[in-house]
Amino acid sequence: MRERQQVFRHAGYEMRSHSETRWAGMMDSLGICWLYEPQVIETRHGYYLPDFFLPAVGAFIEVKGPFPSGTEIEKAMDAEALTGHPVVFAHGKTKMHGAILTGGAVTYFCGSK
């Protein structure tokens with residue numbers, strides 16, 4: 001029997017990782033409107049579900065650990081090519097200090113077109 005993945009709650013959503021809740025909290029504190037896992041996209045590596053979509057700028061945010069893998073980057077490039085929306089990675093070894101997120105990085109890998 002498969003073990004159920006731990007669920008992390010934020011703003012009424014059940015998120016798949018504590019890192020996602022940290023990035024969501026940071027976006028909340030900046031007043032950035034986001035949607036959680038709004039769209040499944042089929043890529044060369046199978047189905048892909050970007051973590052966040054920012055409607056105001058038309059971009060996806062994908063939360064990863066220290067750095068995205070090559071396969072994760074290819075999925076993001078496929079998603080951008082299929083949807084026309086860039087996929088930006090939020091990653092790093094993040095820590096929360098009150099309402100302040102530290103240790104994070106935001107990276108965009110172009111080349112999908």
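First, my rule for a salt bridge: a side-chain nitrogen of Lys or Arg within 4 Å of a carboxyl oxygen of Asp or Glu. I note that this is a predicted model, where local features need pLDDT of at least 70, side-chain atom pairs count only at pLDDT 80 or more, and totals for chains, interfaces and linings use all residues. Residues are numbered from 1 along each chain as its sequence is written, and side-chain values use heavy atoms, with hydrogens and water left out.

**Entry 1: charged pairs**

How many salt bridges does the count come to? I get five by this rule. The general idea is simple: side chains of opposite charge can pair when their charged atoms come close.

I looked up E62, K64 and E72, and salt bridges link them in a network. Within it, K64 and E62 meet through their side chains at 3.2 Å, N to O. For burial I use relative accessible area: buried is under 20%, exposed is over 50%, and partly exposed is in between (1.4 Å probe, protein chains only). K64 counts as partly exposed, because its relative accessibility is 21%. E62 is at 4%, so I put it down as buried.

Next I checked R16, which forms a salt bridge with E37, with the closest N and O atoms 2.6 Å apart. R16 sits in the loop between β2 (13-15) and α1 (18-29), and E37 in the loop between β3 (35-36) and β4 (41-43), so the pair ties together parts that are 21 residues apart in sequence. (My helices, H or I with at least four residues, and strands, E with at least two, are DSSP runs numbered from the N terminus.) R16 is partly exposed at 42%, while E37 is buried at 18%.

I also found R9 in a salt bridge with E14, the closest N and O atoms being 3.2 Å apart. R9 is exposed at 62%, and E14 is partly exposed at 46%.

**Entry 2: strand β7**

Is strand β7 enclosed or open? Five of the five residues of β7 (residues 59-63) are buried, so the rest of the structure largely encloses it. In a regular strand the side chains alternate between the two faces of the sheet. Here I see A59, I61 and V63 pointing one way from β7, with F60 and E62 pointing the other way.

Then I looked for partners, calling two strands paired if DSSP finds at least two bridges between them. β6 (residues 52-54) pairs with β7 in the antiparallel sense over three bridges, and L54 has A59 as its bridge partner. Their hairpin has four residues between the strands, and G58 takes a positive phi near 65 degrees there. β8 (residues 87-97) pairs with β7 in the parallel sense over four bridges. I61 has V88 as its bridge partner in β8.

**Entry 3: a cavity**

I searched a 1 Å grid over the protein atoms alone, where a cavity is a set of points that a 1.4 Å probe fits but cannot get out of, and lining residues have an atom within 4 Å of a point. Points are joined across faces, edges and corners, and the volume is the space filled by probe spheres set on them. One cavity of 30 Å³ or more turned up.

Which residues line the largest cavity? I listed I73, A76, M77, E80, V87, F89, Y108 and F109. The largest share of that lining, four residues, comes from α2.

Conventions: 1 Å grid on protein atoms, 1.4 Å probe; cavity = no way out; pocket = protein on both sides within 12 Å on 5 of 7 lines; lining within 4 Å.
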